[in-house]
Amino acid sequence: MARIRLSNLRHTYQDRPRNDGDWALKRLDLEWEAGSANALLGPSGCGKTTLLNIISGLLRPTEGTVRFAERDVTALPPDARNIAQVFQFPVVYDTMTVYDNLAFPLRNRGIAQAAVDARVREVAAMLDLDATLGQRAAGLTADGKQKISLGRGLVREDVAAILFDEPLTVIDPHLKWRLRSKLKELHQRLRTTMIYVTHDQTEALTFADQVVLMNEGTVVQAGTPVDLFERPRHTFVGYFIGSPGMNVLPATFEGGLARFGGHVIEMAGPPKTPPAGAKLEIGVRPEFVRFSSSGIPVRITKSSETGRHRIVETQHDDATIKLLVTQGHHVSGERAFVSFDPAHTQLYADGWIVEGEQR
Amino acid sequence: MSTKTPNQKAWWLVVPVVLLVAFNAIVPLMTVINYSVQETFGENVFFFEGVKWFEAVLHSERFHNSLLRQMLFTGIILAIEVPLGVAIALAMPRRGPWVSVCLVLVAMPLLIPWNVVGAMWNLLALPDIGLLGRSLNAAGIEYNYTRQPVAAWTTLIAMDVWHWTSLVVLLAYAGLSAIPDAYYQAAKIDGASSGAVFRYIQLPKMKRVLTIAVLLRFMDSFMIYTEPIVLTGGGPGNATTLLSIDLVKVALGQFDLGPAAAMSLIYFLIILLLSWIFYTVMTKGEAE
């Protein structure tokens, strides 16, 4: 178990990167505490798998260092790093039994047969694989195979971190939940540092204590799931997390007051001073928009049920404002007024949040 | 369930296929079967002889010798071409600009017609003017494939390996390219040696294509005719008279239609049987 620290990291797959777009990972510094459960979240192609492969040692970063605890491992190959990795598609050694699959990493390291046997049985019991130990690995279902991949990481007692690269992609929906809770349970039991890559916000937010959200090779925000939900640092975080995503509305700023369509929007926190000339936006999640007796006049255009909630779409001039209304709340007529919860309304300049205090 | 009106017109749709199969398989085969149970003394007069020719062929020492030579030849070239082909495929680059260069170079021998290959090697190996034959003799190795059976065999095998290893290479390479990177990455993380990677990842993943490669090479080499007839003509003596060469000698050289027909059928059944055994053994345990 170790704290993982990446500093000044940059990576490109090209020989001669010309511009910013040629870098798969733009300069980033990140740190994961020992024993934490983490998620790397982002849309496809944002560089999260690249980052994961750099941590496991399958890729060597173009620039920067990777440290496990205090040890610099940047130049070390994967097998010298004590890393376990579970891939998107289950990797099992087809011709071996489940038992031999689990024993493989230990045997490769020349560990005595008795110790291998004890460890394999222990891990198999942990993953509910004990009944299938004698079977050929090729005959198992996708979730069984994924458990074997995970097991091959867990058998090694010296494992510093377990990395997951979208491990639930090929798993049936009804088994996803089960395997995910198994992972969570394992983490609580073993307290191994885990990093889980996914583009699915539900997977990330339910699994991790710390979520790193990436986009186009940069870290947009790192924080707890609650941070990311309640205080998105960038409008991208607002869009990407939450369903439906955050309302992002064009804004103006004058005399210390933010306005949307001429209406003053109240915001909590210290007074803000956005940089001059920046494109200003107001962000507020549908959860924090209410119908009210006065405020911003809107026209109701659409209403759809989600079961527990109803998503109501309204229109003010060209801007669409979405609201989450609890079931039973009556929406009547076509015209209404909405207001935003000041504690959860943020101002963004060129996409980035405008903090209250000046730095 | 007799609500459907029987309509037999659909049978007409099968007629083209039946005709095609009849003309390219059943009719010729029936002719051979017909010859194999009859004796003729010319003038298109035939006498029914039952299984006499089959018994004669099965008890003939000449047939036994040809069959043994054939099995030895096929065994040797399989033992060389399959491991060599896999080794070359493993050594080929997996990506980059050299991939296509390697593939074209490897595929080249496959594009050359059989009789040209025979003629090429004939010229190459001639002891007095051939590049290979002369060099060997100049180096002090006595080499004359038209007189020494061992030299004839060596040349024949070298020629087949040169001509057909490429097929194994291409198939094995296709099998290797189909292995996702994640397998190699997992093996790296598991600390597997390159031997273990070959044994537990590459070989199992290549099994299917190697089965096809072995089957194709087996059938092809068991029926080989053109190259040895051009190179050695079955000699010296009968040293390189493989089954098909012997068959042609019987059928066209001696015009013994009955024994030749019986021999063809036995030949055909041997290939069928051995292919079936190969296939069954190599695909065993894949049913799950």
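Mentor: Let's start with the word "contact": two residues are in contact if their C-beta atoms, placed from the backbone, lie within 7 Å. Keep in mind that this is a predicted model, where local features need pLDDT of at least 70, side-chain atom pairs count only at pLDDT 80 or more, and totals for chains, interfaces and linings use all residues. As for names, residues are numbered from 1 along each chain as its sequence is written, while chains are lettered from A and ligands numbered from 1 in the order in which they are written.

Now, the place where the chains meet. Chain A brings 22 residues to the contact and chain B brings 15. On the chain A side, strand E6 (83–86) and helix H2 (98–108) each supply at least two residues. Those labels are DSSP runs numbered from the N terminus, with helices (H or I) of at least four residues and strands (E) of at least two. That side of chain A has 12 nonpolar, 5 polar and 5 charged residues. Here Ala, Val, Leu, Ile, Met, Phe, Trp, Tyr, Cys and Pro count as nonpolar, Asp, Glu, Lys and Arg as charged, and the others, Gly among them, as polar.

Next, let's go inside chain B. Helix H1 (residues 11–36) and helix H12 (residues 257–282) of chain B have axes that come within 7 Å and cross at roughly 125°. That angle makes H1(B) oblique to H12(B). "Oblique" is whatever is left once under 35 degrees is called roughly parallel, over 145 roughly antiparallel and 65 to 115 roughly perpendicular. The axes are lines fitted to C-alpha atoms over the stretch in contact, with angles from 0 to 180 degrees between N-to-C directions.

Which residues do the touching? From H1(B) come Val32(B), Ile33(B), Tyr35(B) and Ser36(B). Their partners in H12(B) include Gly258(B), Ala261(B) and Leu265(B). Sorted by class, this helix contact has 7 nonpolar residues, 3 polar ones and no charged ones.

Finally, step back to the domains of chain B, whose bounds come from an automatic or database assignment. Domain 1 covers 27–59 + 256–288, and domain 2 covers 68–244. Their C-alpha centres lie 30 Å apart. Where they touch, domain 1 of chain B gives 8 residues and domain 2 of chain B gives 7. The domain 1 side has 6 nonpolar, 2 polar and no charged residues.
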